[in-house]
Amino acid sequence: MLVVLGVLPLPSAAHLVSTGLGPIYDGIGHFFLSLEDLLPLLALMTLGGLNGVAAGRRIMFVLPSAWLIGGILGSLIAVGTIVPAYVAPLMAIMLGVMVATDAQLPERVLTGVIGIVGSASGLTTGIALATQTNNLQLILGSAIALCVLATAVPALVIVAATSRPWMRIAVRVLGSWIAGVGLLMLGWQVRIS
Amino acid sequence: MILRTLFILALAANSSVAWGHSEGGQASGLIAGLLHPIGGMDHVLAMVAVGLWGAQLGNPALWMLPVAFPLVMAFGGFLGLIGVPLPGIEIGIALSGVLLGLAVATKLQPPLWVALLLVAVFAIFHGHAHGTELPEGASGLTYSLGFVIATGMLHASGISIGLVQRWQQGKLALRWIGGLISLGGAYFLFGALS
């Protein structure tokens with residue numbers, strides 16, 4: 001597997017759709033149109049929700065902050081840097097499996113995972129957007145969208161997972177779907193490389 | 001009314017061309033992925049049978065089978081996408097219909113790990129078929145998303161149908177459905193072997 005991944009030269013690509021409303025709104029639209037970037041973060045937010053209210057609150061603050069720091073760093077150091085395309089799929093697989101197995105992580109470990117995944121995701125997006133003009137505004141817009149998602153998704157998961165047992169199972173099934181799609185994204189990257 | 005007209009005119013005057021994604025085939029990939037599992041009756045029979053069997057086995061198999069299947073199926077899809085050959089795919093898929101249908105028809109109650117292993121082995125065949133049949137020009141990501149969702153929905157359909165076992169006659173009906181699935185699988189197996 002490592003050999004296969006090692007020969008993947010594809011750079012990660014961030015997609016942008018011009019909303020016509022300026023770079024902040026283009027950034028806000030980024031997550032809603034870039035499934036490959038959204039998927040691991042969605043899994044992380046779901047995992048936070050499954051870990052309870054305290055973890056959900058932690059996600060709300062730590063994830064957007066880590067993502068923003070990573071994004072700014074990425075856009076500053078980016079020129080000429082190539083981010084391997086398998087970063088997002090690997091994160092989706094790892095986090096999807098954690099959701100599917102309903103992993104209950106200790107507080108510090110979860111905070112570390114949020115920080116690492118958030119900053120890595122921000123870094124890859126920041127690097128990919130570095131060639132755009134107004135890239136910092138794009139990153140700020142994306143971070144705003146992430147704030148909304150990081151507030152809404154864990155809250156929805158907490159409500160769902162604590163209301164009825166089958167809802168918690170449905171959330172876990174969703175985790176296995178995310179991991180499955182991550183695995184297929186990885187296969188897709190190998191195929192086109 | 002006037003305000004609404006002015007608003008629409010203002011929007012029309014301000015229209016700009018959206019860039020769209022640089023990567024093509026997003027929508028076609030999603031639709032192709034959604035349609036792929038339901039386009040082949042051999043896939044449909046086996047997926048519904050997984051749900052039915054899960055419902056018959058009850059907890060924890062009820063949720064473990066639908067959680068495990070997409071993951072293992074995705075692994076099969078991964079092998080297909082990277083070009084690892086798997087012999088006898090059509091036979092494996094047809095056989096999955098036969099055996100899973102039989103499991104429902106006979107109300108087979110093996111240990112959980114045996115049920116998981118059986119389903120996992122067949123999931124690899126189904127996933128491999130999905131992975132190798134990715135249409136040209138389609139987005140790999142949305143195609144993957146589509147067929148994972150469609151597969152999950154088929155499992156959910158099977159589980160929902162399986163709820164009829166709450167009633168005595170429903171239990172019997174479920175076993176008949178299993179028998180019919182098995183017969184359908186046998187038809188596809190005959191086709192794959194001939």
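## Helix H4 of chain B

In this predicted model, helix H4(B) is largely enclosed by the rest of the structure, because 15 of its 21 residues are buried. Buried here denotes a relative accessible area under 20%.

The length of H4(B), which covers residues 61-81 of chain B, agrees with expectation: at 1.5 Å a residue, its 21 residues should span 30 Å, and its end C-alpha atoms lie 29 Å apart. After H4(B) comes Gly83(B), which has a positive phi, near 85 degrees.

## Chain B as a whole

The secondary structure of chain B consists of 8 helices and 0 strands. From the N terminus on, the order of its elements is α-α-α-α-α-α-α-α.

Of the 194 residues in chain B, 46% are buried. When contacts between residues at least 6 apart in sequence are considered, 86% of those in chain B join residues at least 24 apart.

## Chain A

Chain A has 8 helices and 0 strands. Along the sequence, the pattern in chain A reads α-α-α-α-α-α-α-α.

In chain A, buried residues account for 53% of the 193 residues. Contacts with a separation of 6 or more in chain A are formed, in 84% of cases, by residues 24 or more positions apart.

Methods: Residues are numbered from 1 along each chain as its sequence is written. Chains are lettered from A and ligands numbered from 1 in the order in which they are written. This is a predicted model: local features need pLDDT of at least 70, side-chain atom pairs count only at pLDDT 80 or more; totals for chains, interfaces and linings use all residues. Side-chain values use heavy atoms; hydrogens and water are left out. Helices (H or I, at least four residues) and strands (E, at least two) are DSSP runs, numbered from the N terminus. Buried means under 20% relative accessible area, exposed over 50%, partly exposed in between (1.4 Å probe, protein chains only). Contact means heavy atoms within 4.5 Å. The expected span of a helix is 1.5 Å times one less than its number of residues.
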